[in-house]
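Dear colleague,

Please find below the sequence and structure that I am handing over to you. My notes on what was found follow directly after them.

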Amino acid sequence: MAIKITDECINCGACEPECPNNAIYEGGIEWKMADGTGVKGEYVLMSGTTTDAQEAHEPVAVDVYYITPDKCTECQGFHEEPQCAAVCPVDCCVPDELYEETVEQLLEKKEKMHL
Ligand code: SF4
Ligand code: SF4
């Protein structure tokens with residue numbers, strides 16, 4: 001399951017550089033599949049929608065940092081535990097029940113992003 005950031009976030013920015021998939025963005029900033037990944041050209045999102053790697057998507061949150069579920073792999077394939085949760089000073093990086101995924105699915109997502 002992807003990790004999400006709750007509105008208890010204090011905008012310290014500590015998590016953003018720790019994410020191996022560049023899945024974390026400052027509130028209000030648009031996200032792209034290509035940011036920090038090897039994705040080029042067409043990419044099918046978890047919703048089934050096809051996007052372009054360079055297409056800018058609406059921010060998930062405006063006032064606090066956010067995680068885009070399409071890029072979060074719970075750090076599978078890189079680290080033993082979610083790095084955002086490990087560094088967050090207020091423990092506001094928590095599992096997102098809306099995105100239940102197996103380890104195999106998370107690893108597949110990681111492979112799709114880092115060919
Ligand atoms: S769990 Fe890992 S991959 Fe997901 S947002 Fe946090 S640091 Fe990034
Ligand atoms: S580390 Fe925690 S408090 Fe700091 S920006 Fe990330 S989610 Fe927000």
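In this predicted model, helix α2 spans residues 103-113, and its buried residues are Leu-106, Lys-109, Lys-110 and Met-113. Viewed down the axis of α2, these buried residues fall within an arc of 100°, so they line one face of the helix. An α-helix has 3.6 residues a turn, so residues three or four places apart point the same way. Glu-104 and Glu-108 are exposed on the other side of α2. The partner of the buried residues is strand β3 (42-44), against which they pack.

Leaving aside neighbours within four places in sequence, Gln-76 is in contact with Val-103, Leu-106, Leu-107 and Lys-110. Of these, Leu-106 and Lys-110 are among the buried residues of α2. Gln-76 and Val-103 are 27 residues apart along the chain, while their C-alpha atoms are separated by 7.2 Å. With a relative accessible area of 21%, Gln-76 is classed as partly exposed.

Glu-81 lies in the loop between β5 (66-67) and α1 (83-87). Is Glu-81 buried or partly exposed? Its relative accessible area is 46%, so Glu-81 is partly exposed. Not counting residues up to four places away in sequence, Glu-81 touches Glu-74, Cys-75 and Ala-86. Glu-81 and Glu-42 are 39 residues apart in sequence, and the distance between them, C-alpha to C-alpha, is 30 Å.

The model also contains ligands, and two of them may be described here.

Ligand 1 takes up the space of the largest cavity. Which residues surround ligand 1? They are Ile-3, Cys-19, Asn-21, Ile-24, Ile-67, Cys-72, Thr-73, Glu-74, Cys-75, Pro-82, Gln-83 and Cys-84. By class, this shell has 8 nonpolar, 3 polar and 1 charged residues. Glu-74 and Cys-75, which belong to the shell of ligand 1, are also touched by Glu-81.

Ligand 2 sits in the second largest cavity. This ligand is surrounded by 13 residues, of which the closest are Cys-9, Cys-12, Gly-13, Cys-15 and Cys-88. Its shell has 11 nonpolar and 2 polar residues, with no charged residues.

With kind regards

Terms used: Residues are numbered from 1 along each chain as its sequence is written. Chains are lettered from A and ligands numbered from 1 in the order in which they are written. This is a predicted model: local features need pLDDT of at least 70, side-chain atom pairs count only at pLDDT 80 or more; totals for chains, interfaces and linings use all residues. Side-chain values use heavy atoms; hydrogens and water are left out. A residue is near a molecule or strand if one of its heavy atoms lies within 4 Å of it. On a 1 Å grid over the protein atoms alone, a cavity is a set of points where a 1.4 Å probe fits but cannot get out, and a pocket is an open set with protein on both sides within 12 Å along at least five of seven lines; lining residues have an atom within 4 Å of a point. A molecule sits in a cavity or pocket if more than half of its atoms lie within 2 Å of its grid points. Ala, Val, Leu, Ile, Met, Phe, Trp, Tyr, Cys and Pro count as nonpolar, Asp, Glu, Lys and Arg as charged, and the others, Gly among them, as polar. Buried means under 20% relative accessible area, exposed over 50%, partly exposed in between (1.4 Å probe, protein chains only). Helices (H or I, at least four residues) and strands (E, at least two) are DSSP runs, numbered from the N terminus. The arc is that of the directions from the helix axis to the C-beta atoms. Contact means heavy atoms within 4.5 Å.
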